[in-house]
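Q: Could you take me through some features of a protein model, giving the general idea before each case?

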There are 2 protein chains.
Amino acid sequence: MTNSYRAPVRDQQFVLHDVLDIGQYGDLPGFRDADADTVDAILEESAKFAEGVLAPISKAGDVQGCVRDEDGNVTTADGWKEAFQQMAEAGWTALSSDPEYGGQGLPHVLNLAVNEMVSSANMAFGMYPGLTLGAAAALYNGGSDEQKALYLPKMIACQWGGTMNLTEPHCGTDLGMLRTKAAPQADGSYKITGQKIWISSGEHDMTENIVHLVLARIEGAPEGVKGISLFVVPKFLPDSDGNPGTRNSLKCGGLEEKMGIHGNATCVMDYDDATGWLVGEENKGLKIMFIMMNEARLGVGLQGYALAEAAYQQSLAFAKDRLQGRSLTGKKNPELAADPIIVHPDVRRMLMDQKAFVEGARCFGLWTALQGDLEKKSDDPAQREKSGDYMALLTPIVKSYLTGKGYDMVSQGLQIHGGSGFTEEWGASQLLRDARITLIYEGTNGVQALDLVGRKLAMRGMRPITSFFAELDAFVEEGGNETTQPYVDAVAATHAQLKQGTDWLMNNALENFDHAGAGSHDYLNLFGLTCMTYMWAMMAKTAAAKIAAGDTDPIYAAKLQTGRYFLDRWLPEGAMHLAKVEAGADSMMAMTADEMC
Amino acid sequence: MTNSYRAPVRDQQFVLHDVLDIGQYGDLPGFRDADADTVDAILEESAKFAEGVLAPISKAGDVQGCVRDEDGNVTTADGWKEAFQQMAEAGWTALSSDPEYGGQGLPHVLNLAVNEMVSSANMAFGMYPGLTLGAAAALYNGGSDEQKALYLPKMIACQWGGTMNLTEPHCGTDLGMLRTKAAPQADGSYKITGQKIWISSGEHDMTENIVHLVLARIEGAPEGVKGISLFVVPKFLPDSDGNPGTRNSLKCGGLEEKMGIHGNATCVMDYDDATGWLVGEENKGLKIMFIMMNEARLGVGLQGYALAEAAYQQSLAFAKDRLQGRSLTGKKNPELAADPIIVHPDVRRMLMDQKAFVEGARCFGLWTALQGDLEKKSDDPAQREKSGDYMALLTPIVKSYLTGKGYDMVSQGLQIHGGSGFTEEWGASQLLRDARITLIYEGTNGVQALDLVGRKLAMRGMRPITSFFAELDAFVEEGGNETTQPYVDAVAATHAQLKQGTDWLMNNALENFDHAGAGSHDYLNLFGLTCMTYMWAMMAKTAAAKIAAGDTDPIYAAKLQTGRYFLDRWLPEGAMHLAKVEAGADSMMAMTADEMC
């Protein structure tokens with residue numbers, strides 16, 4: 001099967017223009033250049049690239065994977081290098097980067113829309129520019145002016161690649177245990193020695209240089225997380241002109257055999273007295289890395305719905321095409337031997353689940369990305385504070401809820417294919433295998449849930465959650481009309497459950513911290529459901545207003561129909577999650593580890 | 001990682017001896033030879049074989065898959081042929097087959113326990129004897145005495161393999177469209193011509209002959225499902241001594257590239273005027289095949305929990321071994337750099353979910369298999385009728401609920417591994433990829449759900465569901481003691497939800513059949529949850545009675561702890577499923593197929 005992905009431009013326009021009305025921020029930096037025509041032109045050009053260049057080479061990446069030779073050089077799949085260069089030349093990876101370093105300075109929310117297309121079309125490919133821009137963001141936030149001038153223009157242009165090096169064989173989540181060493185040299189540089197694993201895009205043939213950001217411990221540094229520093233360790237040391245010079249003493253020691261994202265090189269990276277330079281202050285490396293990780297987490301949440309979108313398109317086409325059985329309510333296709341399987345309610349259920357999820361999740365992702373823009377660019381300090389609070393609070397939810405549910409939706413897409421879904425011919429299996437990593441990397445979904453209940457709820461004197469709950473209360477207070485009131489009621493209902501769950505945690509977790517951990521997964525999912533309901537309510541209000549104003553674009557009626565499905569079929573999960581939160585830790589932790597067998 | 005599967009013999013004994021007390025049926029055929037010592041000896045020998053022979057070659061099957069040469073011959077992975085011969089020689093595939101044809105005539109419930117071990121250790125391998133015995137069961141039910149005498153002894157001994165050939169490229173679920181032709185010959189045989197796809201175990205090097213059971217349409221037969229006949233089409237035509245003679249004109253035209261179960265050859269089978277013989281009557285082939293399919297569905301449900309058991313063992317070992325982070329309630333491992341991740345509640349949640357599911361599911365599987373034995377062997381006609389009703393009613397639930405939830409549990413096992421779960425090194429990925437087919441084959445889970453609401457609920461004047469509900473009511477009526485009453489209350493609660501859902505379907509589906517289809521998935525899951533709760537209540541009563549009688553085996557206390565977790569964390573799903581059933585079809589079917597985009 002060819003990958004016939006079609007970018008959902010109209011749907012993205014609906015969110016950007018109609019729901020979020022990003023035009024209202026036209027006075028802010030970046031937004032000034034993002035008028036509706038520019039936004040539409042960028043979406044349409046990106047769509048062509050994703051559909052015409054990235055989607056067609058996705059399967060080659062899955063089948064061929066990456067190949068490493070004896071010297072540690074890695075070759076990507078057929079056509080990938082050319083596609084990467086085409087992408088770099090078109091300049092769209094620089095969309096939202098700082099113009100001082102060659103970026104276009106456009107809002108991040110627009111960047112997110114474009115990245116959705118890339119991930120839907122070819123997730124493993126998108127990780128190469130994704131990691132590069134993530135590493136650039138860390139340097140932008142923590143590097144010296146000299147480092148920024150040297151690395152950022154080339155990374156933002158994707159002339160050089162970038163990576164993040166955190167994990168070691170014995171430590172992933174718990175970075176305090178990391179052992180990679182940095183020995184100070186007389187010239188101010190450091191010699192880096194150690195092994196890093198699971199380094200996405202760690203080595204490849206697509207760029208003339210690769211800039212590794214490496215967490216390591218300077219000799220004599222304190223133990224644990226307080227002794228970790230960040231280093232920039234390029235594959236080729238820049239010469240005096242800033243061009244790739246001497247080969248650094250680092251290499252790819254092996255490629256990981258993985259379940260999916262075969263097109264992306266997941267490397268063991270061996271550093272053997274490699275030359276690197278400190279980024280930011282000594283022993284303060286984690287802080288810089290976490291800024292980058294937080295941004296990356298939004299990108300992973302995006303992958304969750306981007307893959308669900310691809311699965312939806314794939315399974316919808318299959319369901320319209322595959323003839324099997326007859327409708328329960330009478331033949332729909334009497335002239336043929338059978339009806340298309342889309343007539344069967346259970347197939348429709350799986351399609352509508354995907355559709356309702358993807359459209360709500362897209363709105364959630366873009367709405368959150370807009371908060372990130374407002375945090376940085378708003379001229380109103382109160383707005384900057386509120387948006388910053390929202391970003392902190394909602395990042396773990398965007399990451400975990402959208403990947404957890406996104407993966408379930410990809411699995412439903414596969415299920416619609418029946419036996420064809422299990423074969424590698426149709427592409428459903430690749431999507432499922434690719435999607436599985438999103439629940440794990442950039443911090444597992446369980447770690448995100450613990451971040452939410454353990455840190456984010458109580459942070460800043462509970463200001464973020466208080467602020468967000470006030471927004472929901474105000475929305476409910478405002479009410480709706482005949483069409484939209486059911487959505488408002490749904491926000492009220494899920495929000496009431498969320499408040500009850502929050503109170504339960506507040507009242508019980510101090511007495512026994514395990515209650516917080518025990519409820520974290522379901523609490524996060526209840527929070528995610530509440531956010532999705534709020535998104536659907538905003539979309540419904542927008543669509544209803546358009547229809548009331550006489551707009552006959554069928555997208556608006558479709559939004560209201562899909563939204564009703566969301567209310568009917570997704571809301572019942574709220575009470576379940578609340579009951580599980582309130583079940584606490586007792587039966588979960590009753591057995592000792594030794595008794596577990 | 002080596003596959004260190006350990007068969008849960010003690011847990012199976014708990015269900016067989018303590019909960020089901022199969023010794024009480026000692027007067028019935030088959031059960032006479034299944035005294036406790038014999039049962040235990042069989043379980044222990046099977047455990048050794050599964051652990052020592054099948055588990056170690058599972059990964060080779062995944063990595064090497066099956067290889068087809070130009071002539072259509074298929075070679076299985078290293079060690080598989082030898083293991084198959086070892087299994088055949090040990091004779092344990094014949095456990096529950098009719099002694100007239102070389103079987104041991106033991107109860108099917110015991111067979112199911114053994115098959116769990118095989119599936120946990122090496123699912124793809126287990127499909128070779130599984131399909132063989134399934135085909136033998138179809139011949140046993142539908143074949144002539146001559147056919148039985150010719151084929152059954154060799155198939156039951158696994159000297160010859162067997163397959164089921166239903167699916168064609170354009171039809172799977174909807175067999176009425178099948179096109180494979182059968183032309184009658186003067187000698188009473190038929191020439192079979194057509195292409196079948198997705199034929200598990202269709203061609204391999206493990207047996208001297210392979211007996212294909214093929215659905216085809218005799219020239220001039222009625223259209224649709226009323227014109228389908230069943231044929232036995234051996235790879236080598238038996239000679240006058242019943243040994244493999246002339247090669248038949250059929251071959252494996254290709255192997256399917258699949259997501260998992262690589263060790264099993266999934267074949268395109270090309271029949272080109274192949275010689276076959278009618279099994280049973282003309283145009284009555286589907287009925288025989290469906291007897292076999294129904295038995296096979298129990299086996300697929302078993303795979304659901306067998307793979308979850310393997311995932312549980314794998315992830316439990318990982319969680320006890322992997323050091324990362326500290327317990328929220330204080331260091332558990334102060335002398336080491338970190339605590340094992342099993343101390344984290346969210347990891348424990350994923351482990352306890354698996355444990356509570358597997359133990360409940362195992363009881364459900366064995367309890368249902370026992371109904372199958374009683375249907376055939378009880379000397380009480382009322383019991384035979386009741387057990388037959390239960391088998392009909394519960395088969396789609398065992399198949400779909402146990403595979404759907406089982407797959408989720410396997411995914412949780414993978415999640416516990418973090419990044420290691422996504423690599424192919426640790427085996428979690430293989431389990432997930434293997435498990436995914438169980439939701440699809442032998443009738444997709446959606447087709448099972450439709451079978452439940454569309455056929456099974458109303459069948460025989462609603463006698464099966466009335467009978468099963470009466471059993472639950474009586475159980476609730478009987479009540480419990482201080483320890484067990486919460487379980488009884490849970491049965492009452494889920495049963496009340498199930499009755500409400502049943503009433504809703506009865507009251508609404510006639511007016512609009514789509515309501516039945518729209519609610520089928522959630523109704524089936526609500527039914528499955530009710531059955532699981534009933535199983536846990538029976539297990540809890542058994543364990544509590546043992547403890548009250550002074551038995552200090554720690555398994556009984558563990559059952560009560562795991563059962564409490566089940567009540568806390570699984571029961572909340574019931575109300576969610578009920579709400580979705582009652583949501584009906586309106587919002588699901590609101591858009592036309594054309595409007596879906």
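Q: Which residue lies over the face of A:Y407, and at what distance from the ring centre?

A: A charge sits over a ring if NZ of Lys or CZ of Arg is within 6 Å of the ring centre and within 35 degrees of the ring normal. Here A:R436 lies over the face of A:Y407, at 5.2 Å from the ring centre, and in chain B the charged end of B:K148 is placed over the ring of B:Y140, 5.2 Å from its centre. Please keep in mind that this is a predicted model, in which local features need pLDDT of at least 70 and side-chain atom pairs count only at pLDDT 80 or more, whereas totals for chains, interfaces and linings use all residues. Residues are numbered from 1 along each chain as its sequence is written, chains are lettered from A and ligands numbered from 1 in the order in which they are written, and side-chain values use heavy atoms, with hydrogens and water left out.

Q: How many salt bridges does the structure hold over all chains?

A: Side chains of opposite charge can pair when their charged atoms come close. With a salt bridge taken as a side-chain nitrogen of Lys or Arg within 4 Å of a carboxyl oxygen of Asp or Glu, the structure holds 60 of them over all chains. One of them joins A:R6 to A:E51, with the closest N and O atoms 3.8 Å apart. Because A:R6 lies in the segment before α1 (9-19) of chain A and A:E51 in helix α2 (residues 36-54) of chain A, this pair ties together parts that are 45 residues apart in sequence; helices (H or I, at least four residues) and strands (E, at least two) are DSSP runs, numbered from the N terminus.

Q: Are B:K405 and B:E573 buried or exposed?

A: Buried means under 20% relative accessible area, exposed over 50%, and partly exposed in between (1.4 Å probe, protein chains only). Both B:K405 and B:E573 are buried, and they form a salt bridge whose closest N and O atoms are 2.9 Å apart. This pair links helix α9 of chain B, which holds B:K405, with helix α17 (residues 573-583) of chain B, which holds B:E573, across 168 residues.

Q: What kind of aromatic pair do B:Y390 and B:F468 form?

A: Rings of Phe, Tyr and Trp (its six-membered ring) pair if their centres lie within 6.5 Å, and planes under 30 degrees apart count as stacked, over 60 as edge-to-face and the rest as tilted. By this rule there are 42 aromatic pairs over all chains. The pair of B:Y390 and B:F468 is edge-to-face, 5.4 Å centre to centre with 90 degrees between the planes, and it links helix α9 with helix α13 of chain B, 78 residues apart. B:Y390 is buried at 1% relative accessibility, and B:F468 is buried at 0%.

Q: What area is buried between chain B and chain A?

A: The size of an interface is often given as the accessible area lost when the parts come together. Buried area is the accessible area (1.4 Å probe) that two parts lose on being put together, summed over both, and between chain B and chain A this is about 7,600 Å², of which carbon and sulfur atoms give 60%. In chain B, B:F422, B:R569 and B:M596 lose the most area to chain A, together 11% of what that side buries. Four salt bridges are found across this interface, and A:D522 and B:R569 meet in a salt bridge at 3.7 Å, N to O.
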